[in-house]
Amino acid sequence: MELRLASRGALSAAPPLSGCLSRHSLSPWLKIQNHIYPMPSLCYKVRTTAKCHASMATSYVETSEVTDLDWENLGFGLIETDFMYVAKCGPDGIFSKGEVLPFGPIALSPSAGVLNYGQGLFEGLKAYRKADGSILLFRPEENAIRMISGAERMCMPAPTVEQFVDAVKQTVLANKRWVPPTGKGSLYIRPLLIGSGAVLGLAPAPEYSFIIFVSPVGNYFKEGLSPINLIVEEKFHRASPGGTGGVKTIGNYASVLRAQKVAKGKGYSDVLYLDAVHDKYLEEVSSCNIFVVKDNVISTPAIKGTILPGITRKSIIEVAQSKGFKVEERLVSVDELLNADEVFCTGTAVVVSPVGSVTYMGKRAEYGNQGVGVVSQQLYKSLTSLQMGNVEDWMGWTVQLNQ
C-alpha cells in the first residue's frame with residue numbers, strides 16, 4: 001500500500017470529484033494506491049469510487065496532524081471527517097477484508113433488510129489524544145464482543161473481535177487529524193452492522209455491511225460535572241423480557257425518542273424507565289445505565305436481558321471495586337432511588353453523569369451538593385484519567401495506536 005501526501009503538482013492525476021471545494025482548494029492532498037484525494041472538511045462530499053484495500057494490517061492511512069477546528073467550542077454532534085471503513089459479508093457469513101473509503105453516502109436498495117426488517121446494530125466508543133500526541137482507544141474488544149452477542153440475537157453475522165478492533169484502528173488512524181487535542185474532547189467512533197442486502201419476505205438479508213465512521217466531539221460537560229434532572233416514565237417501557245432490550249439494536253433507541261422529547265419539553269433532562277414486569281424496579285435512563293449510592297454502597301440494576309450491558313457501566317463497577325467500594329448488581333426499587341444519598345448514570349458519551357433530582361408521580365427527590373456527589377466525582381475522575389492516559393493504566397484497558 002502506497003501512503004503519502006501528494007503535492008499540488010500531481011493534481012492532474014486526480015480522479016474527477018464532485019461537491020463543493022470551498023476552502024479545500026488550498027488543502028493538502030492524500031495519495032492512496034495511485035489515486036489522489038483532497039482532505040475534505042465539513043461541507044465537502046467525496047463521491048469517488050476509488051478506494052484503499054485494507055485488512056488486518058499494520059500500515060494505516062497517513063494524514064496531517066490536527067485539523068483546524070474551534071476545539072474550545074466543540075459540541076457533541078456530527079462533524080463529517082475524511083474516511084470511513086466498509087466491509088461486506090455474503091451468505092457464507094464471512095466478512096471480506098475491509099476498505100478505507102472517503103466518507104460519503106452509501107447505496108441501499110429500498111428493500112434492504114435494515115430498512116424493512118430492522119436488522120441493524122451499532123456501537124459507540126472513543127479515541128483520545130494524550131499529551132504526547134499519541135492516540136488511545138478504550139476497551140475496543142468489549143464493543144466487539146457486545147456486537148457479536150447482539151448479532152447472534154438478531155440472526156446476523158458479525159466480524160470477529162480481531163477484525164472489529166483492527167477496523168477501528170484503521171478508521172481512527174485514517175482520521176487521526178480529527179482527534180481533538182488532549183483535554184479538548186475525543187473522537188467518537190460509531191461502528192454499524194446492517195442488513196444491506198435486498199430481501200422481500202421475512203428472512204435474513206443476503207448481504208451485511210460493517211461500517212465505521214467517526215466524528216470529533218467535545219467534552220460532554222464543559223465546566224466540570226453538571227447534574228441532570230430525571231422523570232420516571234409511568235406509561236411506556238423501554239424493553240420487555242425476552243425481547244432485544246439487552247442488545248444495541250437500532251430499534252431500541254427509536255422507541256425512546258418520543259418519551260425523551262416529551263420529558264425535555266417539560267424541563268427534564270432525560271427519562272428513567274422502570275422494568276416491564278413489576279413497575280417498581282429501575283431499568284435504564286434511555287441509553288444510560290443508572291447507579292444508586294446509599295451509605296457508600298453502590299447499587300445498579302442487574303443485567304437480565306432487558307438492560308444494555310454498558311461498557312462504561314462495567315468499567316465503573318470494576319474501578320469502584322478496585323477502590324474498595326461495595327457494588328451490588330440486583331433489583332433496585334424506586335423507593336431506594338428516592339432515598340439515596342446520590343445517583344448517577346454512565347454511558348459512552350457522558351462517562352459519568354450525576355443526577356440532581358428525580359421526579360416520580362409528582363414527587364421530586366433532590367440530591368445534595370447540587371447533585372454532584374463525592375462518589376460520582378471520584379469515579380468520574382478515575383475513569384476519565386484512565387481513558388485519556390493521564391495516569392498509568394493499572395487496569396490494562398487502553399490500546400495505544402502505532403502511528
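Here are some notes on the predicted model above, point by point.

1. Ground rules. This is a predicted model, so local features need pLDDT of at least 70 and side-chain atom pairs count only at pLDDT 80 or more, while totals for chains, interfaces and linings use all residues. Residues are numbered from 1 along each chain as its sequence is written, and side-chain values use heavy atoms, with hydrogens and water left out.

2. The overall picture. The protein chain has eight helices and 21 strands; these are DSSP runs numbered from the N terminus, with helices being H or I of at least four residues and strands E of at least two. Of its 403 residues, 53% count as buried. Buried means under 20% relative accessible area, exposed means over 50%, and partly exposed is in between (1.4 Å probe, protein chains only).

3. Surface and contacts. The accessible surface of the protein chain is about 17600 Å², with 53% of that belonging to carbon and sulfur atoms; the areas come from the Shrake-Rupley method with a 1.4 Å probe, and for residues only the protein chains shown count as cover. Take the contacts (heavy atoms within 4.5 Å) between residues at least 6 apart in sequence: 71% of them join residues at least 24 apart.

4. Helix α2. Buried residues in α2 include P140, N143, A144, M147 and A151. After the helix comes C155, with a positive phi near 55°.

5. α2 against α3. The axes of α2 and helix α3 (residues 161-174) come within 9 Å and cross at roughly 130°, so the two are oblique to each other. The contact is made by P140, E141, N143, A144, I145, M147 and I148 of α2 with V161, F164 and V165 of α3. Axes here are lines fitted to C-alpha atoms, for helices over the stretch in contact, and angles run from 0 to 180 degrees between N-to-C directions. Under 35 degrees counts as roughly parallel, over 145 as roughly antiparallel, 65 to 115 as roughly perpendicular, and the rest as oblique.

6. α6 against α8. Helix α6 (residues 311-322) and helix α8 (residues 374-387) have axes that come within 10 Å and cross at roughly 110°, so they are roughly perpendicular to each other. On the α6 side the contact uses T312, S315, I316, V319 and A320, and on the α8 side L379, S382, L383 and L386.

7. Two positive phi values worth a look. D295 is not a glycine, yet its phi is positive at about 55°. D295 is found in the loop between β15 (289-294) and β16 (297-300) and is exposed, with a relative accessible area of 62%. V351 is not a glycine either, and has a positive phi of about 65°. V351 lies in strand β19 (residues 351-360) and counts as buried at 5% relative accessibility.

8. S333. Which residues does S333 touch, leaving aside its neighbours within four places in sequence? They are K280, Y281 and L282. S333 sits in the loop between β17 (326-329) and α7 (334-338) and counts as buried at 14% relative accessibility. S333 and H278 are 55 residues apart in sequence, but 9.8 Å apart in space, C-alpha to C-alpha.
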